[in-house]
Amino acid sequence: MIRVHHLEKSRSHRILWLLESLNLEYDIQVYQRDGKTQQAPEALKKVHPLGKSPVITDGDVTVAESGAIIDYVVNRYGNGKCQPSSEDGDEWVNYRYWLHYAEGSLMPLLVMGLVFSQIPKQSPWLIKPLAKGISDTVRKRFIQPQLKQHLGMIETHLASRGNFAGDWPSGADMQMSFPLQAIKATQSLSAYPSIAAFVDRIENDPAWQRVVERAGPLTMPGE
């Protein structure tokens, strides 16, 4: 049976969503973050050397990284579900793009935004004004313009089809769920109605609702 090593305030809800969508049996090992550092506990390093989540174990197999986990589960247990056929050339390429784009392009911006938002809070009081000025400048001049460009591209894509690739929900939809839910938690999506509709579609999906019943609601780092 698949075991999901589930860290609170992490990206593993989307892996649970995949397992629920495929009606697979699994269990959950829950880990709590350190109350002061917000880092994962040392116990996770016994599962994978980096001590990160999500990570799954399936018998003797250990798989880390969301995209790799989705690939593993869909290809081993999906029976043709949750991804387009490789014979559907354009759609299959589209699926691969969004599956890798989520962590390769979009999440680094969000993580950078989170890090810079924490710099003033973590700085000694004497340099807090300087730290806040640097943080605000980086976010205003680099992070926010880049994020706006990305959201515009995503909005255009979703406006024409409602999801990212293949039949709903695909592994690409699941991979893109966390960053878009994170964005919804930190800013208004009034300028991006198709993204807002996509997030609502996730939260109304019966498989997602089963995840929330079993693992609790999705929470974000910093909350």
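Predicted model: local features only at pLDDT ≥ 70, side-chain atom pairs only at ≥ 80, totals over all residues.

A: Happy to! On the α1 side, the contact is made by Arg14, Trp17, Leu18 and Ser21, while α5 brings Asp173, Met174, Gln175, Ser177, Phe178 and Pro179. As for geometry, the axes of α1 (residues 13–21) and α5 (residues 171–186) come within 9 Å and cross at roughly 145°.

Now to the strands. Helix α1 belongs to a right-handed β-α-β unit together with β1 and β2. Those two strands, β1 (residues 2–7) and β2 (residues 26–31), are parallel and paired over 6 bridges; within that pairing, His6 has Val30 of β2 as its bridge partner.

Strand β1 also pairs with β3 (residues 55–58), this time antiparallel, through 4 bridges. Here Ile2 stands opposite Asp58 of β3.

Put together, 4 strands form an open sheet with mixed pairing, in the order β2-β1-β3-β4. Its edges are β2 and β4 (61–64), each of which pairs on one side only. From one strand to the next, the twist averages 20°. Another helix, α2 (residues 66–77), packs on this sheet and touches β1, β3 and β4. The direction of α2 makes about 135° with that of β4.

Note on methods: Residues numbered from 1 in each chain as written. Heavy atoms only, no water. Axes fitted to C-alpha atoms, helices over the stretch in contact; angles between N-to-C directions. Contact = heavy atoms within 4.5 Å. Pairing = 2+ DSSP bridges. Right-handed = clockwise from strand over helix to strand, strands pointing away.
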